[in-house]
Amino acid sequence: MRSSPLDTVSASGLAIGGAFGLAGTFVESAPLRETLWTIDGVALVVATALLTMKYQRLGNDSVAAGFLTFVAGESLLLSGNAAGLEASVPSYVGGISLWAAALVLISAPNTFALWMRLTGLVAAILFAVSVGMVLWGAPLLPTSAPLPAAGYPFLVLTFIGWIWTLMKPER
């Protein structure tokens, strides 16, 4: 299947989301972090909404449902951005819970290459562990290390794989 203009938009959204999301994790300035994460969130919602439609049309219901679940999770994350790190924890925990579920739904079938599926599953596990830690009283913030921060590079590697899949030439 050839890449369509919407595949390019999806790939761009994933790239922007990955880059701005990681950048926001490492900046000290709260207004700059919130701005980067808002751009990241909007780009990822657009990208994953388009990917929901693409994989639904292809008849791959699990992957489509995964991308739809990612839209819901990213929307929760967006809702907490302006509140600041501490106040955003409830929406953050809800958002990464849905990210974890989405990554499992997307990675379970063999739609994507094995390495992408594995990076997605590692990210899902790290986010699920982070959620459990917060629910059991650990004072984690979205920027806390090693968790949840360890999950972000695996998520971005998964995005890179999805981008590659979207943009690779037809065989």
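Select Leu36 first: leaving out residues up to four places away in sequence, Leu36 touches Phe20, Ala23, Gly24 and Val27. Contact here means heavy atoms within 4.5 Å. You are looking at a predicted model, where local features need pLDDT of at least 70, side-chain atom pairs count only at pLDDT 80 or more, and totals for chains, interfaces and linings use all residues. Residues are numbered from 1 along each chain as its sequence is written, and side-chain values use heavy atoms, with hydrogens and water left out.

**Stay on Leu36.** Leu36 sits in helix α2. Helices are DSSP runs of H or I with at least four residues, numbered from the N terminus. Is Leu36 buried or exposed? Leu36 is buried, at a relative accessible area of 14%. Buried means under 20% relative accessible area, exposed over 50%, and partly exposed in between, using a 1.4 Å probe and protein chains only. Leu36 and Leu105 are 69 residues apart in sequence, and their C-alpha atoms are 27 Å apart in space.

**Next, show α1 and α2.** The axes of α1 and α2 come within 7 Å and cross at roughly 150°. Axes are lines fitted to C-alpha atoms, for helices over the stretch in contact, and angles run from 0 to 180 degrees between N-to-C directions. α1 and α2 are therefore roughly antiparallel to each other. That label is for angles over 145 degrees; under 35 counts as roughly parallel, 65 to 115 as roughly perpendicular and the rest as oblique. The crossing of α1 and α2 is left-handed. Left-handed means the near helix is turned anticlockwise from the far one by less than a right angle; clockwise is right-handed.

**Select Lys54 and Asp7.** How many salt bridges does the structure hold? The structure holds one. Lys54 pairs with Asp7, and their closest N and O atoms are 3.1 Å apart. Lys54 lies in helix α2 and Asp7 in helix α1, so the pair ties together parts that are 47 residues apart in sequence. A salt bridge is a side-chain nitrogen of Lys or Arg within 4 Å of a carboxyl oxygen of Asp or Glu. Side chains of opposite charge can pair when their charged atoms come close. Check the burial too. Lys54 counts as buried at 11% relative accessibility, and Asp7 is buried at 5%.

**Now colour the core.** The largest nonpolar core has 35 residues, and Leu14, Phe67, Trp99, Phe112, Phe127, Leu155 and Trp162 touch the most other members. At least two core residues come from each of α1 (5-26), α2 (30-57), α3 (61-80), α4 (89-107), α5 (114-135) and α6 (151-167). Which helix gives the most to this core? α4 does, with nine residues. A nonpolar core is a set of buried Ala, Val, Leu, Ile, Met, Phe, Trp, Tyr and Cys residues joined through side-chain atoms within 4.5 Å. Zoom in on Leu14. Not counting residues up to four places away in sequence, Leu14 touches Leu44, Ala47, Leu51, Phe159, Trp162, Ile163 and Leu166.

**Move to α4 and α5.** Their axes come within 8 Å and cross at roughly 150°. That makes α4 roughly antiparallel to α5. The crossing is left-handed. Among the residues making the contact are Trp99, Ala100 and Leu103 of α4, and Gly120, Ala124 and Phe127 of α5.

**Last stop: two cis bonds.** Find Pro146 in the loop between α5 and α6. A cis peptide bond joins Ala145 and Pro146, with omega about 5°. Pro148 also lies in the loop between α5 and α6. The bond from Leu147 to Pro148 is cis, with omega near 10°.
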